[in-house]
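Dear colleague,

Please find below the sequence and structure that I am handing over to you. My notes on what was found follow directly after.

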Amino acid sequence: MREVNVDKISETIKEMCISVNHFLSDDMKNAYNNAMKTETSEIGKKILGQLKENLQIAGEDMIPICQDTGMAVIFAEIGQDVHLTGGNITDAINEGVRRGYVDGYLRKSVVNDPIIRKNTKDNTPAVIHYNIVEGDKIKFTLAPKGFGSENMSKVYMLKPADGIEGVKNAILSAVKDAGPNACPPMVIGVGIGGTFEKCAILAKKALTREAGKHSDIGYVEELEKEMLEKINELDIGPAGLGGKNTAFAVNVETYPTHIAGLPVAVNICCHVNRHITREI
Amino acid sequence: MDININTPLTEDITKKLHAGDFVFITGTIYTARDAAHKRMYEAIKNGENLPVDMENNIIYYMGPSPAREGRVIGSAGPTTASRMDKYAPQLLDMGLKGMIGKGKRSKEVIDAIKRNNAVYFASIGGAGALLSKSIKKSTVIAYDDLGTEAIRKLEVENFPAIVVIDCDGNNLYERN
């Protein structure tokens, strides 16, 4: 049994919050570089150039890439052979978010209640998804989610008879509706299967997979490639002003489901698809 | 076409702008987003004065991240404009001439833009670090308790934006 003090968790989460909001991951940088090469629209090229310049300024001057530094979504994989000491893990994660957002000059975008709407002033609480796994390590993936794109996300409860064509229509319809609101070029996370809530979590998890890395399942890989091509024919383009780059990537995750259902969730993310992973 | 604009944003200026023009704004603009709009809407309903005179002014839909020591402002890009659609027509009828945000607007807002010879600009969503460089001064002038959602008076220099909906109702997002 390996012992881990929860203060180590708070410090790790703090560092992750600050880093992820100032430095985009390599897979997203590659996505920008590829887009610059393929874009044919003049206005599209100009906007991609400004977005790259924005990334450079963010890193050099330590200004968040986007002012919407998001609500902190955390996937926590806890090894079953870890013994946590010094306090409660959920409190420790939230303490990390608090320190990261307060000490890191990040925007506090969380309100205490969806109707009363009083700002909590430290961006807590986070949305945390726990998983118990084998081993004696703890792995955190943090994906701060901005709401310009989150608001354009959708869940569809399709029928089994709708099949893969139904899934394709759902994805395309969500992306079309999102249009310029979701700050394209987007990354599209799709969850297929499970239950109402499971497909939504899968879609969120899909956004944390490296852009450009495809599913191991043959038909899912085909779906990802076909959807990316179709989405990029929509001419929404960078900032919604036209062009070939409406999406950088389509990542699809699947899960077994019920004989009567075909749930599909489409979680849309902007071009600032922040994700970072650390292991303790 | 690239056009330099100085505030106040008068009708002489807005009437010459066309959807697709790139503009660089210099002068004073004001920030307000969801919570500030709700409060202004309630103030109007109660017959109170607004903290900002709308006449020939520009509202930037933006809530910045906090400024580090010695800096003017943090990251400062646009938020989605459609959430302000409920409130915008009334402000336009009170003289507001420009809005800066990102994303689509409702028919009611577009009608109010046409009726008042106003204009809707987009700045680039997710480019908050870059856009912050055009902001030279930032002062909270109302609703301080709203934090990032307070109303700020910004002094901007060559702030880049794109005309999306012009005063004739031409809409750059509707290209097909």
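This is a predicted model: local features need pLDDT of at least 70, side-chain atom pairs count only at pLDDT 80 or more; totals for chains, interfaces and linings use all residues.

Residues are numbered from 1 along each chain as its sequence is written, chains are lettered from A and ligands numbered from 1 in the order in which they are written, and side-chain values use heavy atoms, with hydrogens and water left out.

The second largest cavity is lined by residues of both chains, including A:Lys46, A:Gln50, B:Phe22, B:Phe24 and B:Pro160. Helix H3 (42–61) of chain A and, from chain B, strands E2 (22–31) and E7 (151–165) each supply at least two residues of this lining, with E7(B) giving the most, three residues (helices, H or I of at least four residues, and strands, E of at least two, are DSSP runs numbered from the N terminus).

The largest cavity has a volume of about 80 Å³, and of the 15 residues that line it, those closest to its centre are A:Ala239, B:Lys102, B:Ser123, B:Ile124 and B:Gly125. In total, four cavities of 30 Å³ or more are counted.

The largest pocket has a volume of about 1,200 Å³, and among its 48 lining residues A:Ser109, A:Val111, A:Arg117, B:Arg33 and B:Glu149 are the closest to the centre. H2(B) provides the largest share of the lining of this pocket, five residues.

Turning to the interface, 38 residues from chain B and 38 residues from chain A take part in the contact (heavy atoms within 4.5 Å). About 3,000 Å² is buried between the two chains, 55% of it from carbon and sulfur atoms, where buried area is the accessible area (1.4 Å probe) that two parts lose on being put together, summed over both. One salt bridge is found across this interface, a term that stands for a side-chain nitrogen of Lys or Arg within 4 Å of a carboxyl oxygen of Asp or Glu; A:Asp61 forms a salt bridge with B:Lys133, with the closest N and O atoms 2.4 Å apart.

Over all chains the count comes to 31 salt bridges. A:Glu11 and A:Arg99 pair at 2.5 Å, N to O, and because A:Glu11 lies in helix H1 (residues 6–22) and A:Arg99 in helix H4 (residues 89–103) of chain A, the pair ties together parts that are 88 residues apart in sequence. A:Glu11 is partly exposed at 39% relative accessibility, and A:Arg99 is partly exposed at 21% (buried means under 20% relative accessible area, exposed over 50%, and partly exposed in between, with a 1.4 Å probe and protein chains only).

B:Arg33 counts as buried at 11% relative accessibility and forms a salt bridge with B:Asp34, the closest N and O atoms being 3.3 Å apart.

With best wishes

Technical notes:
On a 1 Å grid over the protein atoms alone, a cavity is a set of points where a 1.4 Å probe fits but cannot get out, and a pocket is an open set with protein on both sides within 12 Å along at least five of seven lines; lining residues have an atom within 4 Å of a point. Grid points are joined across faces, edges and corners, and a volume is the space filled by probe spheres set on the points.
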